[in-house]
Amino acid sequence: MRCVFINIRCKPGHSYRVAEAIALREIHSELYSTSGPFDLLMKLYIPEAEDIGKYINDNLLDIDGIERTETTLTFKAF
């Protein structure tokens, strides 16, 4: 599994609905509300055989109320 972090900016007034939709899909490891330019931070483990961009597109980006995302890939440091 590959760990990625996804910052999610929601349309105004949609943060709770987006968070609930993500929770109902049960695809995340952790989900946080954040301050700053993004509204939510999601930790997600993607199966090794999956294409990261396609997985995120197919499982997250069709949720109504998401305005923008930023994905951070992680790598084993040592």
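A disulfide is taken here as a pair of cysteine sulfur atoms within 2.5 Å. The structure is a predicted model, in which local features need pLDDT of at least 70 and side-chain atom pairs count only at pLDDT 80 or more, while totals for chains, interfaces and linings use all residues. Residues are numbered from 1 along each chain as its sequence is written, and side-chain values use heavy atoms, with hydrogens and water left out.

By that criterion, a search of the whole structure returns zero disulfides. The sulfur of Cys3 lies 20 Å from the closest cysteine sulfur, in Cys10, which is too far for a bond. Cys10 is accordingly in no disulfide, the nearest cysteine sulfur being that of Cys3, 20 Å away. Cys3 is buried, at a relative accessible area of 14%, where buried means under 20% relative accessible area, exposed over 50%, and partly exposed in between (1.4 Å probe, protein chains only). Cys10 also counts as buried, with a relative accessibility of 5%.

The secondary structure of the protein chain consists of two helices and four strands, these being DSSP runs numbered from the N terminus (helices, H or I, of at least four residues; strands, E, of at least two). Followed along the sequence, these elements give the pattern β-α-β-β-α-β. The radius of gyration of the protein chain, taken over C-alpha atoms, is 12 Å, close to the 12 Å that the globule rule gives for 78 residues, so the chain is as compact as a globular protein of that length; the rule itself is 2.2 Å times the number of residues to the power 0.38. The C-alpha trace spans about 40 × 25 × 15 Å along its principal axes.

Of the 78 residues of the protein chain, 31% count as buried. Where contacts (heavy atoms within 4.5 Å) join residues at least 6 apart in sequence, 69% of them link residues at least 24 apart. The accessible surface, computed by the Shrake-Rupley method with a 1.4 Å probe, comes to about 5,200 Å², and 52% of this area belongs to carbon and sulfur atoms.

The loop between helix H1 (15–25) and strand E2 (30–33) contains Glu26. Phi of Glu26 is near 55°, a positive value in a residue other than glycine, and the residue is exposed, with a relative accessible area of 66%.
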